[in-house]
Amino acid sequence: GSAVLDDPGATRFALDQIAPDHMVALTGWTGHGALYNSAALRRLGVADEEADPPGGFYVRMPGEKRISGIAHEYAQYRISRKIFMESSSDNQRAVFRAVAAQAASFGITSLQAMMTALPVADAVAFLGAGDLPVRLRLVDFPLTAIAAWQQPAARSTTGAGMVSVSGTKWILDGTPVERLMFLREPYADRPATRGRPNFSQEDLTAFFARAMTSQEQPMIHAVGDAAVDAVLASLEATGGEKWQPLRPRLEHGDMLEPSHFDRARRMGVVLVQNPAHFMVRPIAEARLGPQRIARLSMVKSALTAGVSLAFGSDGPVNPFLNIMFATINANHPAEALSVEQALVAYTQGSAFAELKEREKGTIAPGRLADLAVLSQDIFEVPVNALPATTSVVTIVGGRIVHDTLNPR
């Protein structure tokens, strides 16, 4: 992915020579940045000189307005949503069911899904009350300008049965891989850029002000130190400690650092991290250099400073693979967590990040009976054996939804 996005020869015209009539899309493994051929762009209604949408941009041919075929951030999200929405609601439903069944097989009892692929209302409509095996929280992912945001989807769309709708997510910056993580200082391996934010500080603040009025939980994808700075500054400008009950979420927050910890804790910020992010040391070192990599993936220090931590996948669903990653933390080995700390972040931490810790995330009287019986004791096995863990029996709300002992 990064090699293609870095290659000046990687344009739709190069793809057109190989595939003039078939649609081709090459997507970066980070989910930030994609290259489409001309047939795909035509079919998706993207013009040769398409204007950049709010929060995203197209790479242009040198000295021209013609797009090269590479789309970044919200330009890409708009295209990928169009592609997903072309499939039938039966296919879309099948995708959700497959992910839910896979989750249940690992003992996951709740999913929080960022609705990049389609509007929340559409998903609620085709999922219906749903016979999903696990609980599913749908999070709105608007494609409008952030400052224009008005009505939370959760207010107009209510899920049924195992499906709920709440929260609004925006992506403020990209990743270090395509050098769109927003940094205070330039990239070590490309001094001409420090990345870029998808939205201005003013627009971010306007969104937070409206979220506070609507009492909507905001979730901001912010990776670089400058992006984290911007989120904390906008939260301070729109309520500061008044944010505590809404638990604003910093999605990834890879460069949340000691200078941020106290401010984040005071405002009730939840760091929602994904341990696969801890395993990109070679590319992170190339992009950031030796000084800044010492401020990357500081999850153990954040926990010690009292910042709430939640884990999710953002990649392979297997939570035991991710727990192993958290105990290694290749980016910053001194910041590795214990198996227990990682497990707490995955369970209690994630329930807290969903504002549901009184219902789930811990095993206690009066909680929902969401339980998993695992294939091995994750506290006893060697760390490298963790990814082989599966669930023998998964129980959601007292109902067995996955059972290897009595397969149906």
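Of the 408 residues of the chain, 51% are buried, where buried denotes a relative accessible area under 20%, exposed one over 50%, and partly exposed a value in between (1.4 Å probe, protein chains only). The structure is a predicted model, in which local features require a pLDDT of at least 70 and side-chain atom pairs count only at pLDDT 80 or more, whereas totals for chains, interfaces and linings use all residues. Residues are numbered from 1 along each chain as its sequence is written, and side-chain values use heavy atoms, with hydrogens and water left out.

The chain contains 14 helices and 14 strands; helices (H or I, at least four residues) and strands (E, at least two) are DSSP runs numbered from the N terminus. Because its radius of gyration of 21 Å is close to the 22 Å that the globule rule gives for 408 residues, the chain is as compact as a globular protein of that length. The radius is taken over C-alpha atoms, and the rule is 2.2 Å times the number of residues to the power 0.38. Along the principal axes, the C-alpha atoms fill a box of roughly 65 × 50 × 45 Å. Among contacts (heavy atoms within 4.5 Å) with a separation of 6 or more, residues 24 or more positions apart account for 69%.

The accessible surface amounts to about 17,300 Å², and 56% of this belongs to carbon and sulfur atoms; areas come from the Shrake-Rupley method with a 1.4 Å probe, and for residues only the protein chains shown count as cover. The chain carries 38 positive and 41 negative side chains, the centres of the two sets lying 3 Å apart. Lys and Arg count as positive and Asp and Glu as negative, while His and the chain ends are not counted; each charge is placed at NZ of Lys, CZ of Arg, CG of Asp or CD of Glu.

Helix 9 (residues 225–237) comprises 13 residues and reaches 18 Å from its first C-alpha to its last, close to the 18 Å expected at 1.5 Å a residue; the expected span is 1.5 Å times one less than the number of residues. Its buried residues include Asp225, Val228, Leu232 and Leu235. The cover over the buried residues of helix 9 includes helix 8 (201–214), strand 8 (218–222), strand 9 (249–252) and helix 10 (258–266). Just after helix 9, Gly239 adopts a positive phi of about 150°.

Positive phi values also occur in residues other than glycine. Arg179, with phi near 60°, is located in the loop between strand 7 (163–171) and helix 8. Arg179 is buried, at a relative accessible area of 8%, and, not counting residues up to four places away in sequence, touches Asp6, Tyr187, Asp189, Arg190, Gly195 and Arg287. Asp314, with a positive phi of about 50°, lies in the loop between strand 11 (308–311) and helix 13 (319–328). Asp314 is partly exposed, at a relative accessible area of 45%.

Leu132 occupies the loop between helix 6 (120–127) and strand 6 (135–140) and is buried, at a relative accessible area of 3%. Leaving aside neighbours within four places in sequence, the contacts of Leu132 include Phe96, Arg97, Met162 and Arg399.
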